[in-house]
Amino acid sequence: MSSAPAPEPRDPKPALVFDDPLDQQSSDDTDRGWGERSDSTGDSAADLKRFLDEKPPHHL
């Protein structure tokens, strides 16, 4: 008589989370990467240069 092979252990299923997803801040929900420069010192000449660098071509 043959015996049935022992069942292999299965990975546990991920738990369902019923939290409100809008309560959590996502990576694209920040102002980072939207024209911010970390080396800004409040210099008006640097601000003017940044303005001129970022001005669209149709505003020349």
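Tutor: For a surface patch, we take residues with over 30% relative accessible area and no salt bridge, and nonpolar side chains are joined within 5 Å. Please keep in mind that this is a predicted model.

Student: OK, which residues make the nonpolar surface patch here?
Tutor: Leu48, Phe51 and Leu52 make a nonpolar surface patch of about 310 Å².

Student: And where is leucine 48?
Tutor: Leucine 48 has its place in helix 1, which covers residues 44-54, and with a relative accessible area of 48% it is partly exposed.

Student: Switching topic, how many salt bridges does the structure hold?
Tutor: There are 2 salt bridges in the structure. As background, side chains of opposite charge can pair when their charged atoms come close.

Student: What does aspartate 53 form a salt bridge with?
Tutor: Its partner is lysine 49, and the closest N and O atoms of the two are 2.9 Å apart. Both aspartate 53 and lysine 49 lie in helix 1, where they are 4 residues apart, or about one turn of the helix.

Student: How accessible is aspartate 53?
Tutor: Aspartate 53 has 45% relative accessibility, so it counts as partly exposed.

Student: Which side chain meets glutamate 54 in a salt bridge?
Tutor: That is arginine 50, at 3.3 Å from N to O, and glutamate 54 and arginine 50 both lie in helix 1, again 4 residues apart, about one turn of the helix. Glutamate 54 is partly exposed at a relative accessible area of 43%, and arginine 50 is partly exposed at 29%.

Methods. Residues are numbered from 1 along each chain as its sequence is written. This is a predicted model: local features need pLDDT of at least 70, side-chain atom pairs count only at pLDDT 80 or more; totals for chains, interfaces and linings use all residues. Side-chain values use heavy atoms; hydrogens and water are left out. Patches are made of residues with over 30% relative accessible area and no salt bridge: like charges are joined within 9 Å, nonpolar side chains (Val, Leu, Ile, Met, Phe, Trp, Tyr) within 5 Å. Accessible areas come from the Shrake-Rupley method with a 1.4 Å probe; for residues, only the protein chains shown count as cover. A salt bridge is a side-chain nitrogen of Lys or Arg within 4 Å of a carboxyl oxygen of Asp or Glu. Helices (H or I, at least four residues) and strands (E, at least two) are DSSP runs, numbered from the N terminus. Buried means under 20% relative accessible area, exposed over 50%, partly exposed in between (1.4 Å probe, protein chains only).
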